[in-house]
Amino acid sequence: MKYKRSLLKLSGEALMGKNGFGLHSTRLQQYAEEVKKVVDMGGQVAIVIGGGNIFRGFSKIGEDKKINRIEGDYMGMLATVINGIAFQAYLENIGICTYLQTAIRMDQIAEPFRKDRAIHHLEKGRVVIFVAGLGNPYFTTDTAAVLRAIEIKADVLLKGTRVDGIYTNDPEKDKYAKKFKNISFDMVYKMGIKVMDQTAFILGNENNLPIIIFDINKKGNFKKVISGEEIGTLVFKKQR
């Protein structure tokens, strides 16, 4: 395999399936089976899940002036914990030993985040799900995913989406949009690409962490990416 240790970023919305809210059992089962394929081939997998299927933090503030940015972000962090518990259950159900690590202490539910402990789990063939973001408001789960990937010395960060890469325009709205096979972090900044937030891209660039945007909903894609097949779009640090 090309990438021995990976961090998979899943959005909360990805877990909704065709539902408008919450969790979809078919989608959870599908993603669990995708992870199992990689674990069975010897890959080390860490996961960060968003919480937008339950609560999207600051985007809701405009709808309810009583909830400020900080409170909204903490609510979003707790949503990621719910998603993490659900995904852990699906992974365990198909025989994958899985640990939750949280940035906010809740000892009855998950271990507190410790990078050495997380690396130990990964080396033992266990999946680690990081929840509660970074434990601080004003940071997205994209940024949390990049930082956790750097901390555990992941070979790559994979962002699973419903689109098969980065395009010149939204391919769901523009049929003439062209897909990038690969693109530098510098070009991502210049083009204002928003498939991840800018802070996440900056961290990835500064730490030379390759990021691959790919379609997680197509069966077998996760394993193909780990194996080195050119799936999705690779975002890389341009050597000067």
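Predicted model: local features only at pLDDT ≥ 70, side-chain atom pairs only at ≥ 80, totals over all residues.
Biologist: Okay, which residues touch the most other members in the largest nonpolar core?

Modeller: That core has 36 residues, and Val35, Ile47, Phe87 and Phe222 are the ones that touch the most other members. A nonpolar core here is a set of buried Ala, Val, Leu, Ile, Met, Phe, Trp, Tyr and Cys residues joined through side-chain atoms within 4.5 Å, where buried means under 20% relative accessible area, exposed means over 50%, and partly exposed lies in between (1.4 Å probe, protein chains only).

Biologist: And which parts of the chain supply at least two residues of it?

Modeller: Those elements are β1 (5-10), α1 (25-40), β2 (44-49), α2, β5 (127-131), β6 (156-161), β10 (211-215) and α7 (221-227), and α1 gives the most, with six residues. Helices (H or I, at least four residues) and strands (E, at least two) are DSSP runs, numbered from the N terminus.

Biologist: What does Ile47 touch, then?

Modeller: Leaving out residues up to four places away in sequence, Ile47 is in contact with Leu8, Val35, Phe87, Leu91, Val127, Val128, Ile129 and Phe130, and contact means heavy atoms within 4.5 Å. There is also a second, separate core of 26 residues, which includes Val48, Ile119, Leu122 and Val235.

Biologist: Switching to the surface, which residues form the nonpolar patch?

Modeller: Ile70, Tyr74, Tyr138 and Phe139 form it, and together they have about 400 Å² of accessible area, a value that comes from the Shrake-Rupley method with a 1.4 Å probe, where for residues only the protein chains shown count as cover. Patches are made of residues with over 30% relative accessible area and no salt bridge, with like charges joined within 9 Å and nonpolar side chains (Val, Leu, Ile, Met, Phe, Trp, Tyr) within 5 Å. Tyr74 lies in helix α2 (residues 69-93), and Tyr74 counts as partly exposed because its relative accessibility is 34%.

Biologist: How many salt bridges does a search of the whole structure find?

Modeller: The search finds 13, a salt bridge being a side-chain nitrogen of Lys or Arg within 4 Å of a carboxyl oxygen of Asp or Glu. One of them joins the side chains of Lys36 and Asp40 at 2.8 Å, N to O, and these two are separated by about one helical turn because they are four residues apart in helix α1.

Biologist: Is Asp40 buried or exposed?

Modeller: Asp40 counts as exposed, at 55% relative accessibility, whereas Lys36 is partly exposed, with a relative accessible area of 27%.

Biologist: Which residue forms a salt bridge with Asp164?

Modeller: Lys179 does, with the closest N and O atoms 3.7 Å apart. This pair links distant parts of the chain, since Asp164 is in the loop between β6 and β7 (166-167) and Lys179 is in strand β8 (residues 179-180), 15 residues apart. Elsewhere, salt bridges that share partners join Lys9, Asp142 and Lys159 into one network.

Conventions:
Residues numbered from 1 in each chain as written. Heavy atoms only, no water.
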